[in-house]
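Open the structure in your viewer and keep the sequence panel in view. The tour goes from one selection to the next.

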Amino acid sequence: MDNHTFLRRVRYRGQLGTQPRDFILLTTWCRLEDGTYLIASRSVSDEVWPTDPNYVRGNVFVSGYHIAPSKGLDGGTELTMCIHADLCGALPRKLVDALSTTKPLELIAKLEELGASDISYHKLVSPLISAPT
């Protein structure tokens with residue numbers, strides 16, 4: 001591990017009567033010379049966080065963000081994100097469909113809110129992410 005690579009546990013509350021989920025992710029990031037940030041994550045098997053019977057352990061095959069200064073005149077930011085994950089366990093199709101369309105938009109809204117100030121790594125980390133104990 002280095003200053004740009006870390007292991008983290010991400011936990012999500014259950015939705016509409018489903019069990020909560022957790023993920024053990026290895027994440028790395030870098031900043032390119034043009035000011036672009038690349039962030040990549042994937043699930044790993046790690047004994048630092050044993051399986052918790054109160055959570056369904058999900059699997060992120062790949063997750064990534066490409067955050068670049070806008071090439072336009074507005075001085076904004078271009079965000080590209082992708083994720084391929086298996087939430088595991090039983091989930092109603094309607095819930096999966098709803099989450100796949102609403103959660104990315106919620107993330108973008110939060111990033112826009114944070115964009116009004118100087119964004120540091122710590123501001124981007126969800127309060128549901130915990131460190132190993």
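Which residue stands opposite Ala68 in strand 6? Select Ala68 and look across: the residue opposite is Glu78.

Before going on, note that this is a predicted model, in which local features need pLDDT of at least 70, side-chain atom pairs count only at pLDDT 80 or more, and totals for chains, interfaces and linings use all residues. Residues are numbered from 1 along each chain as its sequence is written, and side-chain values use heavy atoms, with hydrogens and water left out. The term pLDDT is the predictor's confidence in each residue, from 0 to 100.

Now select residues 59-69, strand 5, together with residues 77-86, strand 6. These strands run antiparallel and are joined by ten bridges. Strands (E, at least two residues) and helices (H or I, at least four) are DSSP runs, numbered from the N terminus. Two strands pair if DSSP finds at least two bridges between them.

Pick Ala40 to find its bridge partner, Gly64 in strand 5.

Across residues 116-133 the pLDDT is below 50. Where pLDDT is low, the predicted coordinates should not be read in detail.

Methods. Contact means heavy atoms within 4.5 Å.
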